[in-house]
Number of protein chains: 2
Amino acid sequence: MKDFKYYAPTEVVFGEESEEQVARLVKKYGGTKVLVHYGGQSAKRSGLLDKVCQLLSDEGIAYVCLGGVVPNPRLSKAHEGIELCRKEGVDFILAVGGGSVIDSAKCIGYGVCYEGEVWDFYLGKAKATAMLPVAAVLTIPAAGSEMSESSVITNEDGDVKLGYSNNLSRPKFAIMNPKRTFTLPPYQTAAGVTDMMMHTMERYFTKDDDMDLTTDLAEALLRRMKTAVFEVLKNPEDYRHRAQIMWGGSIAHWGLTGCGVSEDWATHQLEHELSGMFDVTHGAGLAAVWPSWARYVMHENLSRFVRFAVNVMDVPNDFTDPEGTALRGIEAMERFYHAIGMPINIKELIGKDITDEEINEMVRKCSRDNTATCGGLKVLHAEDMKAIYEMARG
Amino acid sequence: MKDFKYYAPTEVVFGEESEEQVARLVKKYGGTKVLVHYGGQSAKRSGLLDKVCQLLSDEGIAYVCLGGVVPNPRLSKAHEGIELCRKEGVDFILAVGGGSVIDSAKCIGYGVCYEGEVWDFYLGKAKATAMLPVAAVLTIPAAGSEMSESSVITNEDGDVKLGYSNNLSRPKFAIMNPKRTFTLPPYQTAAGVTDMMMHTMERYFTKDDDMDLTTDLAEALLRRMKTAVFEVLKNPEDYRHRAQIMWGGSIAHWGLTGCGVSEDWATHQLEHELSGMFDVTHGAGLAAVWPSWARYVMHENLSRFVRFAVNVMDVPNDFTDPEGTALRGIEAMERFYHAIGMPINIKELIGKDITDEEINEMVRKCSRDNTATCGGLKVLHAEDMKAIYEMARG
């Protein structure tokens, strides 16, 4: 069994009215001048942003606001935030939003404490040794960034989307009120669930079959997300199932589902090129890639794909035909994606045929000009990436 | 659904040779003068204690040792530790052992930073606002104290066993090497698994049926512990299954299995009187009490006992007879306890008949002279406690 480290120190306050704790928590973690970071209009429209600002004011905590973070958050916005934080003497960053806002906040947090260009961290040219503390008031369950150590930023200069992971960036606290997710549109709800399930699956599809407990917990999580999403698509104000999804999104990515196993992450990396190029919703991009990835790599650990089919997708186990069972598991996942409104190939994702040039460009970026690989279960070289994108054309 | 807080900041290093990290971690968390706290001879005999001390020395970290912690750790030992820490200027406590040693370390940590009598915290007369940092090199998976906020201490003056919980006491780090558990005798192995399963079950048996994800994860954990224990009883050096149990013990008690549900804890409180009076192994005491508690309270939430029977104990669901299914689940648990060498009643636990006077004395203590209750699923008054102890006589 693989040795592992586990560290998920974020303090969570979960439930109705949990936002009321925000000022107390900012103080507890030493914030005296806060950057309130947010995305588009929804945080304003819902009144959440005003509420958070009012609560900070009431406690005498100074703050500045910076909105405008977009999905696939941009490096330029982070640069803007870094400059603002320095000018205003900000010592704490509060992200009010989903994964994009939190990832942007992390990038700003790194940048403020670094003399060089913050993109260096994402390029792997430098390692952060200090950063401003970050915390989150979560509104979109998906990325798990509210408790994770990772952030993903898109550099518009070349549409390059890269991730950087560092335990320093784990949010100090995360406030989660499932009611704040009632207004999430069905597509974003489904894409969020797809993303959190994929965070679990990236760790589930491993060569290490001996960390039973991690696998058991992953299956329990996947099954519950799969059930809960239909309930909230039927009734967006179903608090109980919104809560399962909100908490599930955190559990999926804070590290628990990866203890003692090798992780894969090829689907994420293949998707990063898609959303870097077409600016699509990350979760939907994952759904468009995964079935092709799965068929391409399943023989690397067939019994695990059988296990997934049986234990997660409720496919009857044909003990005489493991390959057939595994394939039926992938097909069942495709039916699930369709049932929740997700694509299962690139054509469905972007609404048109992808060109050969576009595929070649994605392969070039994903393989960093044929110098890099991705994936753990099967290490993918440029020709594998190309083959999977071809399979995923639709 | 119940609002909840979640906080489990302990940094875990899990695997073979994980002890090698001990000095680095002590330094990281600010320790300059360490109390190395341990139990009996096994930490010495195994060489672990010497190894830890050598590693501290090699890094130039000063330390003093205090051993002699016994199961059901005593207040007098904690007093000794508090005095030693003050005299020696200790600023970090490293527990090398199982739950008893870690609980004792927590008690010492509280006491050093408190001018009054540390027992006040356990009596509920005071709340700790500061303590020395504590960390653990775990050797016995059971209590979960290596990541939890709780500690349980026995005051020999009256044989009173009380717990105190405070997030301050969550260990800074926990080092877990499954190989260190190879030498655990079968009885202690089984009692440890019983304890960790009960930590999960105390949260599982709730009136709150709407936090599905927590329940799913709890069931996955219970099923895995139930399987893994037989593997390590067959082969004590089965690293894979020792690892499941070691990690399972932490997960069971750090808080994950209680998110969003009301907890019970009556079995633990009823057992504390047993081990307070007879100095038996805590896990064995839990097994001796639980079946009687379960039969006494099952009608408070019958469907949950049915779910336990079916999803954890693999009892076929007789849909026409929920009570029968629930009872068969409790019986299956009794068979499991017997199969791993645990008692299912007090007579089997202490090897003789318990007297009426002893039962009355336990009821008196557990109910604090008929002024206190215990339990969440069903609130137990003195007469309920007496009824359960009577059912559990054997």
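Author: Let's start with contact: two residues are in contact if their C-beta atoms, placed from the backbone, lie within 7 Å. This is a predicted model, where local features need pLDDT of at least 70, side-chain atom pairs count only at pLDDT 80 or more, and totals for chains, interfaces and linings use all residues. Residues are numbered from 1 along each chain as its sequence is written, and chains are lettered from A in the order in which they are written.

Reader: Okay, how many residues does the contact take from chain A and from chain B?

Author: It takes 30 residues from chain A and 30 residues from chain B.

Reader: Which element of chain A gives the most to that side?

Author: Helices (H or I, at least four residues) and strands (E, at least two) are DSSP runs, numbered from the N terminus. Here strand 1 of chain A gives the most, with ten residues. Strand 1 (4-14), helix 8 (212-234) and helix 9 (239-254) of chain A each supply at least two.

Reader: And in what sense do strand 1 of chain A and strand 1 of chain B pair?

Author: Strands pair if DSSP finds at least two bridges between them. These two run antiparallel, paired over seven bridges. As one of the bridge partners, A:Y6 has B:V12 in strand 1 of chain B.

Reader: How is chain A divided into domains?

Author: Domain bounds come from an automatic or database domain assignment. For chain A, that gives domain 1 (11-180) and domain 2 (185-391). Their C-alpha centres lie 26 Å apart, and 18 residues of domain 1 are in contact with 25 residues of domain 2.
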